[in-house]
Amino acid sequence: MARSNRRTYILTNCLKGILLLLIINGCSTTKFLKENETLYTGASVKLESKKGVSSKKEIKSELTGLIRPKPNLSIFGARPRLWIYYTTKEPKKEKGLGHWLKYKVGKPPVLLSDAKPGYVQNSMSDKLFNMGFFNNKVTYEINRKKKKADIEYIASVSKPYTLRKIEFPKDSSDILSAIDSVSLKTILRAKSRFSLEDLQEERQRIENGLKDQGFYYFDNEDLIYEIDTTVGNKEVDLYLMLKDNMPEKSTQTYSIKEIDIYPNYSFATVDSALNNKSVVIDSMNYFSDSRDINPEVITNAVLLNPGNKYSRALHTKSLSRLIGLGVFKYVDIRFLDDSTNNQLTAKVYLTPLKKKSLRFQAEFVSKSNNFLGPGVELTYSNRNIFGGAELLNISLTSSFETQINGKQNRPLNSFEIGLEGRLTIPRFLTPFNFKNRYKFVPQTTFTLGASVMDRVDYFRLQSTTFSYSFLWKESQINQHQLSPVDINFVHLTNKGPLFEELLEDNPFLANNYQDQFIIGGGYSYVYNSKLKLKSEGKTHNFYAGVNLDIAGNLLYLLQSSTNNFESSVSDPYTIFGFPYAQFAKAQFDLRHYYRIDKQNNVASRLIVGIGVPYGNSYVLPYIKQFSSGGSNSIRAFRARSLGPGTYYNDSINTQNAYIDETGDIKLEGSLEYRFDIIGPIKGAVFVDAGNVWLANEDTTRVGGKFDATKFINQLAVGNGVGIRLATKFFVLRLDVAFPIRKIVPKIHDDPNSEAQFEWVFDNVNFGDKNWRKENIVWNIAIGYPF
């Protein structure tokens with residue numbers, strides 16, 4: 001009976017919501033239209049195709065992108081922005097709340113007269129022609145219903161024309177020989193569909209290739225195509241040739257005569273004032289009396305060389321590397337033509353940034369463990385501290401945070417303060433001589449820091465870190481970081497009575513928080529296709545992150561070969577009187593972004609992590625362990641509250657519970673549908689699943705060890721909705737979630753019962769205050785979850 005009442009309650013509220021929407025929709029905005037006006041409600045594309053037409057979804061998407069104009073926003077048939085526009089009085093001023101409400105929040109009607117179906121029809125026909133559908137036909141129909149109208153475009157296509165043969169010009173001249181050399185990497189392939197976009201891309205590719213061979217003045221407009229469509233069977237022969245009247249300069253190669261560098265250039269400087277004394281450094285003319293920055297740092301960043309042919313690739317890389325030094329606010333390379341000898345003089349203009357700066361930043365901190373609160377950061381920066389474009393940052397940070405947890409009446413407070421010094425050197429600093437000609441400047445970073453975290457009433461954790469690492473990018477979308485030295489010392493002090501009790505009851509937890517050194521290194525790799533130029537409009541984008549972390553192996557090898565006893569959990573090897581961790585850890589983060597259209601997309605993520613303690617350690621160090629739950633994880637569960645495995649913490653519902661569940665193995669997946677609502681306000685519907693497990697048995701957390709035959713049935717699942725304020729500078733996110741599969745504790749009176757995961761759809765009851773308190777989780781965060 002109780003279950004029936006809950007279902008009745010949910011059904012009643014759903015009907016109320018539908019009724020409310022009908023009432024809103026009933027306040028029809030069409031009543032505001034003038035007698036001869038018709039509201040345009042949008043358009044659709046119908047593709048009629050015959051046999052032999054593939055990629056229909058792609059074709060329809062291309063045509064849909066040509067539809068103009070965009071209709072007024074509609075939510076379940078209601079048009080709130082249009083209603084606001086009509087119901088807001090005309091403001092007397094062009095500024096103020098009234099004007100903002102009517103013209104920023106509200107939007108004027110998009111009328112049928114604003115749509116130009118004939119223009120869109122022609123654009124679609126042209127687009128299809130350019131895609132190889134030469135004999136296409138596009139029509140449209142206007143569907144009127146009272147004061148509203150929509151348009152349906154009908155595109156009829158048959159088998160497209162394909163390329164039968166592609167011929168490049170061949171000759172003994174320098175220009176045609178160069179074209180022949182780059183033709184081997186052509187993107188045009190026989191039997192592929194004719195595409196004007198591909199032809200244009202091929203011309204640009206040839207231009208880039210020729211400019212890399214010294215043809216400084218060559219332009220893709222100097223190339224033309226001749227197309228023969230008479231060969232039959234809907235095939236074409238393609239002939240690439242040079243224009244008859246192309247400029248002579250375009251056919252000649254140019255070399256670099258000399259390179260002049262002006263490291264203290266300003267826009268106010270008269271050109272004649274630049275021609276002061278110079279010195280020759282690395283075969284380049286260096287115009288500056290000042291030696292604030294080592295000239296060789298600049299000349300090493302310039303990849304062009306006097307005497308060599310001009311290369312656009314080296315030109316672009318040189319600009320990128322000079323910008324990457326981080327000490328110049330203006331960078332430009334201009335070329336002067338010596339018309340007599342086909343030579344170019346490269347002028348490198350550089351305007352330095354201010355060397356020293358002090359920055360104060362106040363922020364609202366939002367962490368994945370649901371700790372929220374104000375934070376401040378004071379940073380001193382010195383660019384070019386040692387004259388080699390080195391960047392020194394010294395940062396003092398402090399924050400006070402409170403963990404949001406609906407199950408705790410008493411908040412868990414945390415105070416953190418830290419000091420960090422970071423020296424970044426714009427080159428590889430190693431005993432070996434690495435030659436780097438990447439587009440992006442590599443970096444060597446030394447970091448030294450100390451921090452104190454005080455969990456009020458629980459403990460104080462002191463941490464000291466030192467790292468030596470390299471960061472480099474092969475391209476815009478590929479990044480590597482190698483840390484051969486990464487040292488961390490963790491020291492726990494000021495243990496409160498509540499925490500002492502926890503440690504006494506749980507030796508495994510006490511092992512997590514022991515004072516210890518973490519001495520090792522790591523490697524990370526990130527691939528992000530969203531960083532590509534023109535990636536915003538792509539249907540598919542991918543992200544892949546790999547993190548590898550090892551520690552303690554070298555020390556253990558040395559000590560195990562020299563000591564006369566073997567390390568154990570109760571008696572591990574030590575350094576400076578403290579034990580050190582030994583483990584290997586890997587994490588893989590895979591993401592896929594599917595763009596449905598400009599306003600709708602689907603994002604998915606899969607995280608797989610595994611850490612294996614061995615030798616000198618039985619568990620991973622606390623700061624290296626995995627956790628699940630929270631605003632960037634499984635949002636239907638509170639931060640670090642899930643797992644491990646089927647372990648259930650009986651204190652989770654108590655007032656002063658300290659919930660901090662971690663594991664050595666992690667599996668997590670998320671699927672999120674994201675859509676636009678109004679302007680910068682976005683919406684989302686999501687589902688998350690995952691858990692963490694232990695690599696070794698823990699008698700105080702029964703069911704926590706990973707079992708390959710059972711783990712798939714030990715995944716928690718949650719779903720929810722979100723709203724986001726997305727500006728150019730930040731994303732403020734509110735996600736509301738509740739579990740639909742969670743762990744059900746064992747029955748205390750039944751010794752044979754075990755905690756296990758169960759689907760809890762039937763228990764969902766939004767009308768029950770206790771259910772809401774126990775299940776609904778509010779996640780407030782900055783940025784997208786992934």
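Q: In which strand does leucine 396 lie?
A: In this predicted model, leucine 396 lies in strand β14.

Q: Why is leucine 396 called partly exposed?
A: Its relative accessible area is 40%, and the label covers values between the limit for buried, under 20%, and the limit for exposed, over 50%; leucine 396 therefore counts as partly exposed.

Q: Which residues form the nonpolar patch on the surface?
A: Leu396 is one of them, together with Leu358, Phe360, Val376, Leu378, Ile394, Phe400, Phe415, Ile417 and Leu419, and their accessible area together is about 910 Å². The elements that give two or more residues to this patch are β12 (356-366), β13 (371-383), β14 (391-403) and β15 (412-425).

Q: How many aromatic pairs does a search of the whole structure find?
A: The search finds 33 aromatic pairs.

Q: What makes the pair of phenylalanine 32 and tyrosine 86 stacked?
A: The ring centres are 4.8 Å apart, where a pair requires them within 6.5 Å, and the planes meet at 15°, where stacked requires under 30 degrees, so the pair is stacked. This pair links distant parts of the chain, with phenylalanine 32 in the loop between α1 (2-26) and β1 (39-49) and tyrosine 86 in helix α3 (residues 80-87), 54 residues apart.

Q: How do you know that the charged end of arginine 591 sits over the ring of tyrosine 543?
A: The charged end is 4.2 Å from the ring centre, and the distance limit for this label is within 6 Å, with a position within 35 degrees of the ring normal also required.

Key: Residues numbered from 1 in each chain as written. Predicted model: local features only at pLDDT ≥ 70, side-chain atom pairs only at ≥ 80, totals over all residues. Heavy atoms only, no water. Patch = residues over 30% accessible without salt bridge, like charges linked within 9 Å, V, L, I, M, F, W, Y side chains within 5 Å. Areas by Shrake-Rupley, 256 points an atom, 1.4 Å probe, with all protein chains shown as cover. Salt bridge = Lys/Arg side-chain N within 4 Å of Asp/Glu carboxyl O. Helix = DSSP H or I, 4+ residues; strand = E, 2+ residues; numbered from the N terminus. Buried < 20%, exposed > 50% of the residue type's maximum accessible area, 1.4 Å probe, protein only. Phe/Tyr/Trp six-rings, centres within 6.5 Å; stacked < 30°, edge-to-face > 60°.
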